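Reader: I'd like to learn how to read a protein model. Could you take me through one, feature by feature?

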Amino acid sequence: MPDHATSTHAAVQRQLDRLWALGPGADILGLSRITALLERIGNPHLRLPPVLHIAGTNGKGSTCAFLRAAIEAAGLTAHVYSSPHLVRFNERIRLAGTLIDDETLAALLEEVLDAGGDIGASFFEVTTAAAFLAFSRTPADACIVEVGLGGRLDATNVIPAPAACAIAQLGIDHQAFLGDTAEAIAGEKAGIAKPGVPLVTMAYDASVTERIAQVADAANAPVHSRGTDWDYEVADDRLHYRDAHGSLETPLPALAGPHQPGNLALAIATLRHQQRLSLPPQAFATAATAARWPARMQRLSPGPLLDLLPPGSQIWLDGGHNEAAAQSVSAALAQVAQGRTVHLVLGMLANKDATGLLAPFAPLAQSLTAIPVPGHAHHAPADLAASAQALGIPATGTASTPDEALRSIAARLVADVSLPPLILILGSLYLAGEVLRANDELPD
C-alpha cells in the first residue's frame, strides 16, 4: 500500500513528489536494493554510532521512545529513525534529539534519489538510506532504529553489528508479507538477530519462543528473554526490574496503558544487556516519566477538536490497528475512563481486520462513529459500522472527517456536567496524523 507524505516546504515537497512514485508492493521485500543504494552513497550505515535495533508488532515505537528518553537522561544524544510519520515527514528522522530540518531533509532526499534513480528502490528504502546518511554526518552517542515491517527483509536490517537488538510485543499483522501464523511472523521479526549481538525479547507463547530461539541460534545471537534473563513486576505504583546485574525501581510510565511498563522494562533490559553505552540507574527512572510517543493513548490538549465537545470532555488518540494493539488499548481505556461514557471514532485501512480490532472494545463503547482515512485505501465507514453492530457496539452513524464525527457525538449527548464523556479516536496512524493536525497539535 503506497505511502503518502506532504510538506509545506517547497524543496521538501519536490523530493516527496519523487518519493510518491516509488510506492511499495508485495514484491519489494529484500535487501538487494537498499544494499545497492547504500553502496552508491558511500555505505553510511557502516559509520553509525552504537545502534539499538527494535522490531515487534506493537510497542516497538514506545520502546524506542523509552530508549531515547533514557539515553538523553544520561546526558547522551541519540539519533532516531521511526515510521510512519503522523503529520510531518520530518518526524521519521531525529538527529541527536531534534527533528531534521526542512533544508537538510530536502538535500538528503535529493542526494539519495539522484544516486539511486535506476535501482528501483522503494519509498521506505530511500527514506532509510537518507536517514542513515544523515546519521553518519551528525555526531551522536547512539542510534535508535525502528524496524519498518517484519525484520529479516526490512531495509533497516543492513546494519551488520548493532549494540543490541530487541523484539517487543508480537501479534498477527502484515500477513501478506510475513506469513499468517504467530510462529512465521516471529521468525521474520527475529531475522534482525546478528552474530554475537544480544537479542532481548519479551515473554511469548512456547512455540513463538522456540521459533525465535531457532532463528537466533542460526545467527549465533545470544537471546535474553523476559522470565529467563530479566523480569519486572508492577507493585506499589512502581516498576521493579531485575536481571543478572541487579535490581532497580522506576516510577510507572507517564505513557498511558497497562502495557507500557512492559515496554519500559524491555528498553531497560536492552540497554543493560549491551556493552557500548553506559547509563546510570537514575536515567531509567527519568525515562519512565519523560518519554513521549504521540498517538499512542495520547490525551489531546485543548484545541479546535476538543472545543467541539462539552466542557470537561476528553479526547484520546491511538493509532492501534490490530487485535493485539486493541487488547492493550482497551485495557488502557478502561483505566482512564473512570465511569465516563465512552464513544469511539474509527477509521481503518482496507487491509486491516476491523472485527479483530473492535472486539475488545465491545464491553466499553456506548457508540461508534465510522470515518474514512483520507488519501488511503480504507474500509468504507458503512462497513465499519456494520462490523461494530455485529459485536453489539451501537453504531450511531458515519462521518466524513474527525471534526464532523465529534460534532455528531456532541449533538447526541445529554448534558452531564458532572461526568463529561470520553472519546477515543483509533484505527490508523495515518488517521491519527489528521487528528493531530486538526487539533493544532504537531509532534515535535
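Reader: What do the buried residues of α1 pack against?

Author: They pack against α4 (102–115) and α5, where contact means heavy atoms within 4.5 Å. Helices here are DSSP runs of H or I with at least four residues, strands are runs of E with at least two, and both are numbered from the N terminus. Before we go on: this is a predicted model, where local features need pLDDT of at least 70 and side-chain atom pairs count only at pLDDT 80 or more, while totals for chains, interfaces and linings use all residues. Residues are numbered from 1 along each chain as its sequence is written, and side-chain values use heavy atoms, leaving out hydrogens and water.

Reader: Which residues are buried in helix α1 (residues 10–20)?

Author: Buried means under 20% relative accessible area, exposed is over 50% and partly exposed lies in between, using a 1.4 Å probe and protein chains only. In α1 the buried ones are Ala-11, Val-12, Gln-13, Gln-15, Leu-16 and Leu-19.

Reader: At what angle do α2 and α5 cross?

Author: An axis is a line fitted to C-alpha atoms, for helices over the stretch in contact, and angles run from 0 to 180 degrees between N-to-C directions. The axes of α2 (residues 32–40) and α5 cross at roughly 40 degrees and come within 10 Å. On the α2 side, Arg-33, Ile-34, Leu-37 and Leu-38 make the contact; on the α5 side, Glu-125, Val-126, Thr-128, Ala-129 and Phe-132 do.

Reader: How do I read a sheet, and in what order do the six strands come here?

Author: Strands of a sheet pair through backbone hydrogen bonds, either parallel or antiparallel. Two strands count as paired if DSSP finds at least two bridges between them. Here the open sheet runs β12-β13-β17-β14-β15-β16, with mixed pairing. β12 (298–299) and β16 (395–398) each have a single partner strand, so one side of each has no neighbour in the sheet. Helix α11 (residues 323–337) packs on this sheet and touches β13, β14 (342–346) and β17 (422–426). The direction of α11 makes about 160 degrees with that of β17.

Reader: How does β13 pair with β12 and β17?

Author: β12 and β13 (residues 314–318) are antiparallel, over two bridges, and Arg-299 has Trp-316 as its bridge partner.

Reader: Is β13 buried or exposed?

Author: Five of its five residues are buried, so β13 is largely enclosed by the rest of the structure. Gln-314, Trp-316 and Asp-318 point one way, Ile-315 and Leu-317 the other.

Reader: How many aromatic pairs are there?

Author: Rings of Phe, Tyr and Trp (its six-membered ring) pair if their centres lie within 6.5 Å; planes under 30 degrees apart are stacked, over 60 edge-to-face and the rest tilted. That rule gives four aromatic pairs. Phe-89 and Phe-123 have ring centres 6.0 Å apart and planes at 70 degrees, so this pair is edge-to-face. They are 34 residues apart in the chain, with Phe-89 in the loop between β2 (78–81) and β3 (93–95) and Phe-123 in α5 (residues 123–137). Phe-89 is buried, at 1% relative accessible area, and Phe-123 counts as buried at 1% too. Trp-230 and Tyr-241 are stacked, with 6.1 Å centre to centre and 25 degrees between the planes.
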